[in-house]
Amino acid sequence: MPDAFPLCNSRDLQNGADAVPFDVVYAGQTCRAFAVRFEGQVHAYLNRCTHVAMEMDYQPNRFFDDSGRWLLCATHGAAYQPDTGTCAGGPCRGGLVRVNLTETDGVVYWHTAHNLTRTEF
Ligand code: FES
């Protein structure tokens, strides 16, 4: 059974605005991840471009382009769909790795998966 962990308050995520970062362990490695809101729904992905495995934000927690329509990689401009993580243009090779989120009573939770666990504190 996946576990759920509180990530942030719902109001911390606004449509097309700054992301909330968090750490996960993906396939045994600690990785940065980020959560955003797009068209009312919350989404989270590993902060790892599929072109070169680099973090994508050009300023801390800034992933959206000016239109709030795409998630961009700062390095070579790969564009991803905010609601699916699918590659929408640029040099990406496939889509972003998704982290499942749920939102209940004003709190956003992230969920572990078979290759996605929590960091040990
Ligand atoms: S590393 Fe992201 S587009 Fe090249």
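The model is predicted. The protein chain contains eleven strands and zero helices. Its radius of gyration is 13 Å, which agrees with the value near 14 Å that a compact globule of 121 residues would have. Five of the strands form an open sheet with antiparallel pairing.

**Overall form**

- Along the sequence, the elements of the protein chain follow the pattern β-β-β-β-β-β-β-β-β-β-β.
- Taken along the principal axes, the box filled by the C-alpha atoms of the protein chain is roughly 35 × 30 × 20 Å.
- Of the 121 residues in the protein chain, 41% are buried.
- Among contacts in the protein chain with a separation of 6 or more, 47% are between residues 24 or more positions apart.

**Surface and charge**

- The protein chain exposes about 6,500 Å², and carbon and sulfur atoms supply 46% of that area.

**The five-stranded sheet**

- The order of strands in this open sheet is β8-β4-β3-β2-β11.
- Its edges are formed by β8 (98–99) and β11 (116–117), each of which pairs on one side only.
- Strands of a sheet pair through backbone hydrogen bonds, either parallel or antiparallel.
- Strand β3 is largely enclosed by the rest of the structure, because seven of its ten residues are buried.

- Strand β2 covers residues 20–26 and strand β3 covers residues 29–38; seven bridges join the two strands in the antiparallel sense.
- Y26 stands opposite Q29 in β3, and V25 stands opposite T30 in β3.
- Two residues lie between β2 and β3 in this hairpin, and A27 in the turn has a positive phi of about 50°.

- Strand β4 (residues 41–46) runs antiparallel to β3, and six bridges join the two strands.
- R37 has V42 in β4 as its bridge partner.
- This hairpin also has two residues between its strands, and E39 takes a positive phi near 50° there.

**V97, in the loop between β7 and β8**

- V97 is located in the loop that lies between β7 (87–89) and β8.
- Leaving aside residues up to four places away in sequence, V97 touches Y26, A44, Y45 and L46.
- Of these contacts of V97, Y26 is the residue that stands opposite Q29 in β3.
- V97 and C49 are 48 residues apart along the chain, and their C-alpha atoms are separated by 9.3 Å.

**S10, in the loop between β1 and β2**

- S10 is located in the loop between β1 (4–9) and β2.
- S10 counts as buried because its relative accessibility is 15%, and buried means under 20%.
- Leaving aside residues up to four places away in sequence, S10 touches R37, E103, G106, V107 and V108.
- One of these contacts of S10, R37, is the bridge partner of V42 in β4.

Terms used:
Residues are numbered from 1 along each chain as its sequence is written. This is a predicted model: local features need pLDDT of at least 70, side-chain atom pairs count only at pLDDT 80 or more; totals for chains, interfaces and linings use all residues. Side-chain values use heavy atoms; hydrogens and water are left out. Helices (H or I, at least four residues) and strands (E, at least two) are DSSP runs, numbered from the N terminus. The radius of gyration is taken over C-alpha atoms; the globule rule is 2.2 Å times the number of residues to the power 0.38. Buried means under 20% relative accessible area, exposed over 50%, partly exposed in between (1.4 Å probe, protein chains only). Contact means heavy atoms within 4.5 Å. Accessible areas come from the Shrake-Rupley method with a 1.4 Å probe; for residues, only the protein chains shown count as cover. Two strands pair if DSSP finds at least two bridges between them.
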